[in-house]
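Welcome! Here is a short tour of the charged side-chain pairs in this protein. Have a look at the structure first, and then we will go through them together.

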Amino acid sequence: MTSEAVDEFDKYRGYLRFLARQHLRSRYQGKLDHSDIVQQALLSAFSARDQFVGQTEAERLAWLRQILVHTVARATRGLLTQKRDINRERSIEADINESSMRLRNFLASPDSSPSQAIVREENLRMLAEAIEQLPDDQREVVALRYWSEMSVKELSETLGKSPAAIAGLLHRGTKKLRVLLENRQT
């Protein structure tokens, strides 16, 4: 595997890890490792790279999300003793697509041109990667607050921390996120 081929897919690692973390947090925390899932998804993408027929960044992200959905489905099937349930697989796809749509909506503009859409997709990937660079506690609070749309009170109850501690984590997390994103653009 050449370094160019690795770089081709490695730039999506943070984006996929963000989506996997959002899905696995709610259902399989402690049972599946999001990094292992993403590694397997990237390996599958590399193996199937000749099958990708899209032209745009948005199409590549959609293709990678589908590979991630199938990778999560395979991994969770091994954890469950029930026979295959197509509704579970659709639920995984819906959860990952919902996380992706929330991320996309965070950056969306209703009247954007195709070139603006390409820039937005790149910003989407950079935002997910920046969130992945936050310390664990900040990343969790920021993701739950903005993507799961939990209130500070709900976060406090869920995470067993005081509202002041949650507010501090949110403040530090969003401040660090801003710095990370500004540094990427320079």
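In which helix do D136 and R139 both lie? They belong to helix α7 (residues 136-146), where they are three residues apart, about one turn of the helix. Keep in mind that this is a predicted model.

- D136 and R139 form a salt bridge, with their closest N and O atoms 2.3 Å apart.
- D136 is exposed, with a relative accessible area of 55%.

- R17 and E132 make a salt bridge in which the closest N and O atoms are 2.9 Å apart.
- This pair links distant parts of the chain: R17 sits in helix α2 (residues 13-27) and E132 in helix α6 (residues 114-133), 115 residues apart.
- R17 is partly exposed, at 22% relative accessibility.
- E132, on the other hand, is buried, and its relative accessible area is 7%.

**The pair of D10 and R13**
- The side chains of D10 and R13 come together in a salt bridge, at 2.6 Å from N to O.
- D10 has 32% relative accessibility, so this residue counts as partly exposed.
- R13 also counts as partly exposed, and its relative accessibility is 23%.

Notes:
Residues numbered from 1 in each chain as written. Predicted model: local features only at pLDDT ≥ 70, side-chain atom pairs only at ≥ 80, totals over all residues. Heavy atoms only, no water. Salt bridge = Lys/Arg side-chain N within 4 Å of Asp/Glu carboxyl O. Buried < 20%, exposed > 50% of the residue type's maximum accessible area, 1.4 Å probe, protein only. Helix = DSSP H or I, 4+ residues; strand = E, 2+ residues; numbered from the N terminus.
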